[in-house]
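Dear colleague,

I am passing on a structure for you to look through, and below it I have set out what I found. Please keep the view open beside this message as you read.

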Amino acid sequence: MTTSLVRALPLAILAAAATPAMAAVEITPSAGAPVVELSVTETVLGAPDTATFSTGVTSKAPTASAALRQNSADMDKVIKQIVALGIKREDIQTSGINLNMDYEYGSDGRAPRFIGYQVTNTVTVKVRQVDRLGAILDAVVSQGANNISGPFFSIDDDSAAQNEARDKAMKRAQMQAMDYAKRIGFTGVQVLAVSEATYNASPFGGADMKMMAPRGIVAAAPPVEGGQVGTSVTVNVTYQMTR
């Protein structure tokens, strides 16, 4: 989530800073004039063009070094398969390598028995062709990946959606501020301060598919629907009422 802040108390118009030839404009609040602070959120929906998922391999062996060697060999196959599917290496990032002792837990109340070590290596992958996601998941499992988490959908460049949501939010904030002003006998409003926050959100709450595939079993390609994702902008605007 990104947050930006524009202050106007006193307000030096942002464009004046960018263009020195322009004269700065200051807005000084009038003594005793009412002030209204509003927070307005608008969301613009769009079809996602990227999907991110995590996948990896969990390996077990009697010793830590053997578990790590086995895991490295298995994970190398998975990464090579991801690259062979046309995914660029800059869209593949190792997100965790974990080494833990492995225990066997019985159902008879006995203390857990140490049986060796477990290594998990996980990478996060960004897919820029959402319609290929199901086939990609199937392919990485066929090469030994035995855990998958995700996917999470997004729009790679949502600047246009941000601008649209920002415009809608500012217009609604202006209308609400004017409504408050008219209700108590004022005829206009002027902006004293503006801040905003932008974020992405799925109208469905976000996908989180987790799958653990036993070694040697190849899962069928899962059907994947991208649906829509939302780009939201929240504006916090302080207005002073004017006559």
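This is a predicted model: local features need pLDDT of at least 70, side-chain atom pairs count only at pLDDT 80 or more; totals for chains, interfaces and linings use all residues.

If we leave aside the neighbours within four places in sequence, T41 is in contact with R172, Y199, S232, V233 and T234.

**The fold as a whole**

The protein has four helices and nine strands, and when they are read along the sequence they follow the pattern β-α-β-β-α-β-β-α-β-α-β-β-β. Among contacts between residues at least 6 apart in sequence, 83% join residues that are at least 24 apart. Of the 243 residues, 38% count as buried, while the accessible surface of the protein comes to about 14,200 Å², with 54% of that surface belonging to carbon and sulfur atoms.

In soluble globular proteins, nonpolar side chains tend to be buried together. Here the largest nonpolar core has 25 residues, and those with the most contacts inside it are F53 and I82. The elements that each give two or more residues to this core are strand 3 (50-61), helix 2, strand 5, helix 3 (133-142) and strand 6 (147-154), and helix 3 gives the most, with six residues. If residues up to four places away in sequence are not counted, I82 touches T55, I87, I92, V123, V125 and V140. Apart from this core lies another, of 17 residues, among them L38, A173, A177 and A181.

Is D74 buried or exposed? Its relative accessible area is 7%, which is under the 20% cut-off, and therefore D74 counts as buried. D74 is found in helix 2, which covers residues 64-84, and its side chain makes a polar contact of 3.0 Å with the side chain of Q70.

**Aromatic rings**

The count of aromatic pairs comes to three. In one of them, the rings of Y103 and F114 have their centres 5.9 Å apart and their planes at 70 degrees, so the pair is edge-to-face. Because Y103 lies in strand 4 (residues 92-104) and F114 in strand 5 (residues 113-127), this pair ties together parts that are eleven residues apart in sequence. Y103 is partly exposed, with a relative accessible area of 31%, and F114, at 37%, counts as partly exposed too. The rings of F114 and Y117 also form an edge-to-face pair, because their centres are 5.4 Å apart and their planes are at 80 degrees; Y117 counts as partly exposed at 24% relative accessibility. Taken together, ring pairs link Y103, Y105, F114 and Y117 into a cluster.

Another ring to look at is that of F186, where R243 lies over the face at 4.0 Å from the ring centre.

With best wishes

Notes:
Residues are numbered from 1 along each chain as its sequence is written. Side-chain values use heavy atoms; hydrogens and water are left out. Contact means heavy atoms within 4.5 Å. Buried means under 20% relative accessible area, exposed over 50%, partly exposed in between (1.4 Å probe, protein chains only). A polar contact is a pair of N or O atoms within 3.5 Å; within protein, one must be able to donate a hydrogen and the other to accept it, and residues adjacent in sequence count only if both atoms are side-chain atoms. Rings of Phe, Tyr and Trp (its six-membered ring) pair if their centres lie within 6.5 Å; planes under 30 degrees apart count as stacked, over 60 as edge-to-face and the rest as tilted. A charge sits over a ring if NZ of Lys or CZ of Arg is within 6 Å of the ring centre and within 35 degrees of the ring normal. Accessible areas come from the Shrake-Rupley method with a 1.4 Å probe; for residues, only the protein chains shown count as cover. A nonpolar core is a set of buried Ala, Val, Leu, Ile, Met, Phe, Trp, Tyr and Cys residues joined through side-chain atoms within 4.5 Å.
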